[in-house]
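Thanks, everyone. I have one model to show today. Let me put it up.

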Amino acid sequence: MTEKKQLLLAEDDELLASLLNYRLEKGGYEVHLAQDGKEVKEFLKRSIPDIIVSDIMMPYFSGIELVDYVRNDLELKIPVIIISSAGNEENVLSAFELGANDFISKPVSPSELLVRVGRELSKM
Amino acid sequence: MNSKNLLARLDDLENALHEFSYQKLTAAEAQELKDSLTSFRRHIESKIPKEAPELTEVPEKTVLKVNEENNAAVVKSPEAAVRPEAVTPLPDSSRFSEYVKDSPLSKEQLDYINSILAASDIPTRISNDFPQPSKRKLEKNSEKRNHNNSIKSKPMESANKTTSEAVEHSKMSKSKAVEIDLGPVLEECLGKKELLEELIRLYKQNALEFIGQLKIHIQNIDFESIRFAAHKIKSGLRMMDTQELLTIAEQIETASKTDQDLKHLEFLFACFVKEYPIVERAIDAAFKELS
């Protein structure tokens, strides 16, 4: 039996998080939910996921700060996918500059996210 | 018949029409006919010279030659002018052409009358059928007039608002009949209704939280928090395809970022609060439909 890939989903919108959680779990991932930057940091202190999917706009700790934290503080090379809303292109560019691997625009299609997650993990 | 007599006959015609109208037609239709007659009367008055000589001596056998297929006259309403077949019948006693025909007129008088008739375009054919479409049109026009009158008489509700606010207001007020299709969301839930139910519950919770947060942030004049709250609610509103609320949330986000006009934000907030129960009911109805 193959071990499930660990996925950290950082999304403070419960509604979207619930839907994505369900679909990602159905897609074969073990999902860990974090509702804000603090929870993300706490999780990353005790565990390293295989991939991170994070909203760009979160309380306490934005998606950009998260990428910076993962790449520069923790020096991890795990893939990070950013969820961004339309009109946030500048922030997306900043996230890419800091080392984000991909981004997906809102409204998020769970199916599309699954494909993107699978593609990033296959590159590893 | 001299000009005074002609006007007297018109009075009779008007009275007869008045009685007839209220017996057979709706008040709006009768008013329409009355207006038409008044306009016709004014037209005649303007055509008759004020100082015309009293025409008392008239040849006995003079007859006005008008087209008298049916030996009757009608008054055309504005609607009838659009639809030639939509003519309004008059009672037999008020047949205009008969009045004129039976009146001894001089050549000069006849010229006057003929020119009046030609100018007024009075059809001489009577139709006893009042076409339904024309009747509906009358009602519609009447409604339209009433609406226009109410607009004129009412003070501008949004006089102190900006143009965009007025546009928004009209947009918001149109959103009474909200229809939501939860089918695509259910598809995303892979057909799992329990999950959809949970999402609906979260949606409602988020919306109510948003209302609460926004109230506080507006009171505190905290534009950044208003913007953040509006931004966060958007994805849920979009997910459930609740376009009306999404539009308001987008406007709140933009307004808190750009013009930062508190009155405008209060207005948008009021719109959201007003719209939310309608949307909530629509969601519940849509979910029931799926069940």
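Start with the helix pair in chain B. The crossing of α9(B) and α12(B) is left-handed, meaning that the near helix is turned anticlockwise from the far one by less than a right angle; clockwise would be right-handed. A word on provenance. This is a predicted model, where local features need pLDDT of at least 70, side-chain atom pairs count only at pLDDT 80 or more, and totals for chains, interfaces and linings use all residues. Residues are numbered from 1 along each chain as its sequence is written, with chains lettered from A and ligands numbered from 1 in the order in which they are written.

Names next. Helices (H or I, at least four residues) and strands (E, at least two) are DSSP runs, numbered from the N terminus.

Back to the pair. Helix α9 of chain B covers residues 193-219, and helix α12 of chain B covers residues 262-290. Their axes come within 11 Å and cross at roughly 165°. Axes here are lines fitted to C-alpha atoms, for helices over the stretch in contact, and angles run from 0 to 180 degrees between N-to-C directions. The two helices are therefore roughly antiparallel. That label needs an angle over 145 degrees; under 35 is roughly parallel, 65 to 115 roughly perpendicular, and the rest oblique.

Who meets whom? From α9(B), the residues include B:Ile200, B:Ala207, B:Ile211 and B:Leu214. From α12(B), they include B:Phe269, B:Phe272, B:Val273 and B:Tyr276. Contact means C-beta atoms, placed from the backbone, within 7 Å. The residues of this contact divide into 13 nonpolar, no polar and three charged. For the classes: Ala, Val, Leu, Ile, Met, Phe, Trp, Tyr, Cys and Pro count as nonpolar, Asp, Glu, Lys and Arg as charged, and the others, Gly among them, as polar.

One more residue in α12 of chain B: B:Asp284. With 13 C-beta neighbours inside 10 Å, B:Asp284 counts as partly exposed. The scale is this: buried is 20 or more other C-beta atoms within 10 Å of a residue's own, exposed is 12 or fewer, and partly exposed is in between, with C-beta atoms placed from the backbone. B:Asp284 and B:Ile180 are 104 residues apart in sequence, yet 9.4 Å apart in space, C-alpha to C-alpha.

Now the interface. It takes 16 residues from chain B and 14 residues from chain A. On the chain B side, α9 and α10 (223-239) each supply at least two residues. Which helix gives the most? α10(B), with seven residues. The chain B side divides into seven nonpolar, four polar and five charged.

On to chain A. Its secondary structure comes to five helices and five strands. From the N terminus, the elements run β-α-β-α-β-α-β-α-β-α. Of its 124 residues, 40% count as buried. Of the contacts in chain A with a separation of 6 or more, 58% come from residues 24 or more positions apart.

The strands form an open sheet of five, in the order β2-β1-β3-β4-β5, with parallel pairing. Strands pair if DSSP finds at least two bridges between them. At the edges stand β2 (29-34) and β5 (102-105), each with a single partner strand, so one side of each has no neighbour in the sheet. The twist averages 20° from one strand to the next.

Look at β3(A), residues 51-55. Five of its five residues are buried. Both faces are covered: A:Ile51, A:Val53 and A:Asp55 on one side, A:Ile52 and A:Ser54 on the other. Four bridges join β3(A) to β1 (residues 5-10) in parallel. There, A:Leu7 stands opposite A:Ile51, and A:Leu9 has A:Val53 as its bridge partner. Four bridges also pair β3(A) with β4 (residues 80-84), again parallel. A:Ile52 stands opposite A:Val80, and A:Val53 pairs with A:Ile81.

How enclosed is β4(A)? Five of its five residues are buried, so β4(A) is largely enclosed by the rest of the structure. A:Val80, A:Ile82 and A:Ser84 lie on one side, with A:Ile81 and A:Ile83 on the other.

Last, helices on the sheet. Helix α3 of chain A (residues 63-73) lies across β1, β3 and β4, at about 155° to β3(A). Helix α4 of chain A (residues 89-98) touches β4 and β5, and its direction makes about 170° with that of β4(A).

Technical notes:
Contact = placed C-beta atoms within 7 Å.
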